[in-house]
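Thanks for asking me to look over this structure with you. Please open the model and keep it beside you as you read.

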Amino acid sequence: MTSRIPRDSRLRLVRPRPLAAAPRAVNQRRPSRPAPRPPEGTPAPAELARMARTGLAGPVRVARWADAALGPGSDGATADGKATLSESTARRAAADLGLSLAQVRADWDTARLAGLVEVHGDSARPGWRLRAWDRDDSAVLRGWVALFDAWSLAHPEHEDHEPAAVAEVVSAMPQLLSFLQLSAGPVPVEQLLDLLQQRVTELRTERCEVPYEPGTEQPAGAPGPAEPAPAADAPLDPLLDWALKALASVGALTYGAGQATLTPLGSWAVWVKLEQICVAAQSPAGNIEQSAEDMLRGCAQLRPNAARAEYRAWLAARPVGSAVTQLIDAARGEDALLRGLAFEALRVVGAPAEPDVRAVVVEPALRPYALLWLAEHDGVDPEDAHEALTRDEATWLWVDTAAAVADHGEAPMLVRHLEAAVQPTVPQLLDEVRAVGHPRTVQVLVALAAAHPDPALAKAVRRAAFQVHTGG
């Protein structure tokens with residue numbers, strides 16, 4: 001983790017990115033991928049954001065009502081651990097807003113899917129997107145894309161539909177949406193149905209769902225015929241109708257008169273998703289197939305922006321849940337550098353990582369990183385996030401960051417790291433460092449003593465290291 005560029009080498013204790021702020025120097029520059037442009041005719045981001053604001057006006061209204069009328073600590077706002085509106089709260093909202101009870105619940109659910117309302121434990125509170133809704137077009141568009149991703153939840157399927165068949169249709173819809181986007185105009189539903197049938201057949205073939213006909217001889221050693229999948233007999237016509245209506249309900253397309261057409265927002269979102277697939281397929285530094293730990297080690301050599309691009313590529317190729325688990329497991333290791341980088345990657349994950357990050361607050365080694373992550377996630381300015389830490393937690397993080405510098409950095413960087421300490425004097429820092437009990441305290445102090453040019457200060461640091469070592 002070396003750097004010969006002063007502005008990139010300084011490590012601070014309480015900055016939200018204490019380790020990634022000091023990447024190793026990269027001897028060879030990688031050609032940057034030019035910023036892709038959306039298809040010709042795609043409205044400007046400001047116009048797309050205006051469309052998204054219009055389509056989500058109802059959910060925004062309900063979310064703002066909840067923010068103003070309920071406030072922090074209100075009882076009875078939600079009915080369960082999933083932040084579903086309680087009956088009394090929904091009726092109150094309907095009366096105040098002049099809406100039907102069904103519309104209030106629908107707008108509330110949409111607000112949750114778009115990130116306007118965030119679920120934290122057994123309650124809900126306004127999301128950061130709601131705070132930025134009127135001033136940040138990118139926040140609006142990210143909220144709409146989150147809703148687009150959740151189209152199957154926004155308009156649940158009928159109870160009579162076979163779950164396995166529903167899952168197949170949901171898996172097949174990206175191909176249909178890509179076809180709609182390439183068509184750049186109305187597409188007959190019959191054509192979409194034919195494409196859906198082809199894609200579902202491909203999915204079943206990939207799963208080797210090829211039943212043996214009675215009387216045919218099976219290959220030697222082959223397993224017996226499986227029970228026929230119930231989804232195989234489910235008609236796809238009603239499922240396609242449901243999928244198109246669900247996508248229309250979130251504003252991704254228009255559906256009627258036997259044809260479907262992507263809206264400008266829908267076409268742009270499909271393009272965004274295709275770009276994400278391309279990023280995943282062309283990992284900037286080639287770490288996409290690596291484990292979380294190896295990926296993070298590779299990213300330690302990159303500058304912050306390049307590292308974040310690598311995190312996005314790695315995450316795009318994996319289910320969010322397993323990716324978060326792998327990152328947290330990597331953070332639990334002995335390498336403090338990986339610990340900091342793992343939480344940098346978790347910042348790229350965003351809200352889906354919140355429950356897992358909150359769960360590791362009880363682990364001493366991860367607690368300071370998790371508290372900083374949660375503070376930023378809750379909307380605290382990154383420069384003020386350090387206020388979420390106690391003095392001992394801040395000192396522990398200083399030692400952990402110093403351990404990363406000692407293992408991967410240069411001596412001058414370790415000396416400059418003294419400036420990041422919250423303690424006003426070196427003797428006070430040494431006293432508190434000895435008290436927090438970090439397992440790497442001795443190694444950090446020895447390395448700092450060897451690196452510091454001031455003989456008197458180096459002697460004091462060596463004495464402190466000896467006292468920690470001997471238990472004095």
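My notes follow as numbered points.

1. A word on the source. This is a predicted model, in which local features need pLDDT of at least 70 and side-chain atom pairs count only at pLDDT 80 or more, while totals for chains, interfaces and linings use all residues. Residues are numbered from 1 along each chain as its sequence is written, and side-chain values use heavy atoms, with hydrogens and water left out.

2. The chain as a whole. You will find 23 helices and five strands in the chain; helices (H or I, at least four residues) and strands (E, at least two) are DSSP runs, numbered from the N terminus. The chain has 472 residues, and 43% of them count as buried, where buried means under 20% relative accessible area, exposed over 50% and partly exposed in between (1.4 Å probe, protein chains only). Take the contacts (heavy atoms within 4.5 Å) between residues at least 6 apart in sequence: 65% of these join residues at least 24 apart.

3. The sheet. In which order do the three strands of the open sheet lie? The order is β3-β5-β4, with antiparallel pairing; two strands pair if DSSP finds at least two bridges between them. The edge strands are β3 and β4, each pairing on one side only. Helix α11 packs on this sheet and touches β4 and β5, its direction making about 135° with that of β4.

4. The strand pairs. Strand β3 (residues 187-188) is joined to strand β5 (residues 259-262) by two bridges, and V187 has A260 in β5 as its bridge partner. Strand β4 (residues 253-256) pairs with β5 over four bridges, with L253 opposite L262. Between β4 and β5 there are two residues, giving a hairpin, and A257 in the turn has a positive phi of about 55°.

5. Helices α10 and α11. Two packed helices are described by the angle between their axes and the distance between the axes. Here axes are lines fitted to C-alpha atoms, for helices over the stretch in contact, and angles run from 0 to 180 degrees between N-to-C directions. The axes of α10 (residues 189-206) and α11 (residues 237-249) come within 10 Å and cross at roughly 110°. That makes the two helices roughly perpendicular; angles of 65 to 115 degrees count as such, under 35 as roughly parallel, over 145 as roughly antiparallel and the rest as oblique. On the α10 side, V189, L192, L193 and L196 meet D237, L240 and L244 in α11. By class, this contact has six nonpolar, no polar and one charged residues (Ala, Val, Leu, Ile, Met, Phe, Trp, Tyr, Cys and Pro count as nonpolar, Asp, Glu, Lys and Arg as charged, and the others, Gly among them, as polar).

6. Helices α13 and α14. How do α13 and α14 run, roughly parallel or antiparallel to each other? Helix α13 (residues 292-299) packs on helix α14 (residues 304-316) at an angle of about 160°, with axes 10 Å apart, and they are therefore roughly antiparallel. A292, M295, L296 and C299 in α13 meet A307, E310, Y311 and W314 in α14. The residues of this contact divide into seven nonpolar, no polar and one charged.

7. Look for H417 in the loop between α20 (411-416) and α21 (426-436). Is H417 buried or exposed? H417 is buried, because its relative accessible area is 0%. H417 and L448 are 31 residues apart in sequence, and their C-alpha atoms are 9.5 Å apart in space.
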